[in-house]
Amino acid sequence: MAARGINWTGIGFGFGLMALAAYQQLKLPPALPVLIEAYGFERILGGAFMSVYALSGLLLSLRLGGLIQRHGAVVFLYAAFGMFALAAMAMMIWPENGWLFLAARAVEGVAFAILAIAGPSICTANAGPGGLAIASGIVAAWIPVGGLIASLVAAGIGLDEGGSNWRVLWAAGIAGAAALAFWTWRLQRQGGIDLGRPLEDTAAAPTTLPATRKQWRDMTLAAFLFTLWSVQFFAYVTWLPAYLVEARGISVSSAAALFMIPTALVILFNLLAAPILRAGMPVALLLAAAAVVQGGVWLLLPVLGPVAAGIAAFGVYAAAAGLTPTCLFAMPGTIFGIDRATAKPFAVLMTGRNLGVLAGPVVTGWLVQQTGGWETLPPTLGAVTVALAAGAVFLHRRLSLSAG
């Protein structure tokens, strides 16, 4: 385990791994309208390009978590960087083959699963006991930071100008993987941070108590709450650009630029959640409050006017959505303690997340395709978020009993 103080280099490296993974997943939404138009992909297949990441993670996260905890993270990191590069090149060369495109996204999904487990566990290991809330806030920003970078690249290249320059988004992903591979190599040589060493090199002290069955049940419940949140949030991030283009008549580049507004707010509130938690707010209670706000936006959206709906969707929802993942990524450290928040608990948490990411974009695409419009989505996603709030209150009660 790293020194007890906050190791900012280790936290920065772990976050860099996660941001790269998020970019690789979220380079798709800005380009999805172009890909559908250029290659005639069905909407369900388009949603599957996003959800297949989750399928790869759902099938492999628990196994990968055990392997990373047992053998260390470094060899898996290099494998992930290589998979990102090879899969991106396949999609750039043969984009018209929808099933090959889907298979390549599945390979990227395996790499994503590796970084999504290794990244937060490295961040937490380098945070020290006093830095859990800070590390959780930083870790929580991985998805919006990756999405913001993808939106900036998409807006910069002008996706409206042609059907082939979407490849720049994929090329940027290859460059990012190469940069992180170099950083990994440098840190191996320099030392000084916890890179996720093999289990035999980081054996727990004799005074460390083993995890209890109740702790694993609480962790499973936290993972299920991540599922519920991911269903509605990834429906939002996957299809919002397409909704702005089709329902509001906005250009593809303008939609990518507008998408940066809620993304930036999510990042801001990821970080603002940390001082709230450090001030003593119970983590599951903050999760419940944030879910109530998000559910309220979904349920009120159909009755709001265009301006009010835009403010609610881009502002209020995004702020509450920023608080939520900080709470969820704090769960392994909250439930098990900082010394046992290793790869395996994060693998359980990410399994829950992946299940939601798998369902959300595909179900959303199916609903839009079957109903011919977007009207059914707000009440459906609102109901999912209300269930999240209720589950968070229940988890708060369980954690309070444990603390008492």
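Let me start with a definition: a residue is buried when its relative accessible area is under 20%, exposed when it is over 50%, and partly exposed in between, using a 1.4 Å probe and protein chains only. Hi everyone, this is a predicted model, where local features need pLDDT of at least 70, side-chain atom pairs count only at pLDDT 80 or more, and totals for chains, interfaces and linings use all residues. Residues are numbered from 1 along each chain as its sequence is written, and side-chain values use heavy atoms, leaving out hydrogens and water.

Now, the aromatic rings. Rings of Phe, Tyr and Trp (its six-membered ring) pair if their centres lie within 6.5 Å; planes under 30 degrees apart are stacked, over 60 edge-to-face, and the rest tilted. The whole structure holds 20 aromatic pairs. In one of them, Phe41 and Phe101 have ring centres 6.0 Å apart and planes at 55°, so this pair is tilted. Are these two buried or exposed? Phe41 is buried at 8% relative accessible area, and Phe101 is buried at 0%.

Next, Trp142 and Phe329: their centres are 6.2 Å apart and their planes at 85°, so we call the pair edge-to-face. Both residues are buried. Ring pairs also link Trp142 and Phe329 into a cluster, with members including Tyr53, Phe112 and Phe226.

What else does Phe329 touch? Counting contact as heavy atoms within 4.5 Å, and skipping residues up to four places away in sequence, its partners include Met18, Pro120, Phe346 and Met350.
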